[in-house]
Amino acid sequence: MSSQAAALVAPISETRPKPPAPTQPDVVVPTEQAPKQRSFLGTLPPTRKLQPGDKVCGDCGEGNNPNRKFCSRCGASLDEAAIVKAKWWRKLLPRKRNRVVEAGMRPGRRGMRGGRGGGSPVMRAIGTTIRTVMKIGGVVVLVGGIVYASYAPFRTWTNNEVNTIEQKVLGKVHPQLTQIHAFSTKALAEVSGHPGAMVDDGFTNTYWEAADNVTEQQPLLTLTFDHAVTIQRIILHSGSSDNFQSVDRPATLHLVYNTGQVEDITTKDTPDGQTLTVNHGADVTSMTIQVTGVYRTAGATQMAITEIEFFGKD
């Protein structure tokens, strides 16, 4: 290499530059966090009546709709707000549901406009009254049930009143009847030892027996009462008490009252007592009973009735 070229080449230094010394990282000194700024309003009464589900602001005490995230009065967050709970007795009442408006209809001052509206003012008033009465009735029933369960004198009084009302109702549906006894009983025909008076003597081991000839002379009883009575039921014990099948038994009875009323009753052929309904025995002082038909026994010539009991209003 020529001297001129060598002069152009920079000499190489034997020493290398030292790398910079490492430095300590900056130390971040923690600072005290500024306290949360509370509302300058303080805790004040809410501006509206609180409803179940409302969020109560912890900073100012305002009640907010459940869908709000920040207080409508002070702007504080409602994430930790207290929720207003419904009273226990309100859970027992029917809830008011939002009305659904059909297409083509819109609410107005007088109810729903267009199509089938909210009805006349009278009908709306009636509906409102019914709903109010139902709510009041529900509360009354609830309170009454609590008092009935916890207060013994009220429970006793209620039971007595219910029993009294029940007896009155049953008395209307199934009236209590009194047994009526005739002042005198006479038979047109009777067999010796078995007179007609035995038909209502109160015993079932005696009986009235008469010759059975219904085609010529029908067996007949005449009963007289010492005052006007109303006969509504008859209990008939048919045949003879000692041998039911030994005599004929009455099949049809013709009843004639002193009031001019008459009626016919069909009986059953049974040794047991049977209850017969009387329809025209109101306010009578006497009546006759004619045996117009019989259940026959082969070879029998007599008809017998063990007992006739009368029931009604004495």
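How many salt bridges does the structure hold? It holds three, counting a side-chain nitrogen of Lys or Arg within 4 Å of a carboxyl oxygen of Asp or Glu.

1. Some ground rules before the details. This is a predicted model, where local features need pLDDT of at least 70 and side-chain atom pairs count only at pLDDT 80 or more, while totals for chains, interfaces and linings use all residues. Residues are numbered from 1 along each chain as its sequence is written, and side-chain values use heavy atoms, with hydrogens and water left out.

2. Arg 48 and Asp 54 make a salt bridge, with 3.1 Å from N to O. Arg 48 is partly exposed at 32% relative accessible area, whereas Asp 54 is buried at 3% (buried means under 20% relative accessible area, exposed over 50%, partly exposed in between, with a 1.4 Å probe and protein chains only).

3. Arg 296 and Asp 248 form another salt bridge, at 3.4 Å from N to O. This pair links distant parts of the chain, 48 residues apart: Arg 296 sits in the loop between β12 (274-295) and β13 (302-313), and Asp 248 in the loop between β9 (220-238) and β10 (249-257). Strands here are DSSP runs of E, at least two residues long, and helices are runs of H or I, at least four, numbered from the N terminus. Arg 296 is exposed, with 54% relative accessible area, but Asp 248 is buried at 0%.

4. Arg 249 pairs with Asp 269 in a salt bridge, the closest N and O atoms being 3.0 Å apart. Because Arg 249 belongs to strand β10 and Asp 269 to the loop between β11 (262-266) and β12, the pair ties together parts 20 residues apart in sequence. Here Arg 249 is buried at 3%, and Asp 269 is partly exposed at 35%.

5. Now the sheet. Three strands form an open sheet in the order β2-β1-β3, with antiparallel pairing (two strands pair if DSSP finds at least two bridges between them). The edge strands, β2 (63-64) and β3 (82-83), each pair on one side only. Strand β1 (residues 55-56) is joined to β2 by two bridges, and Val 56 stands opposite Gly 63 in β2.

6. Finally, the surface. Val 122, Met 123, Ile 126, Ile 130 and Met 134 form a nonpolar patch with about 520 Å² of accessible area together. Patch residues have over 30% relative accessible area and no salt bridge, like charges being joined within 9 Å and nonpolar side chains (Val, Leu, Ile, Met, Phe, Trp, Tyr) within 5 Å; accessible areas come from the Shrake-Rupley method with a 1.4 Å probe, and for residues only the protein chains shown count as cover. Val 122 lies in helix α2 (residues 121-150) and is exposed at 56% relative accessibility.
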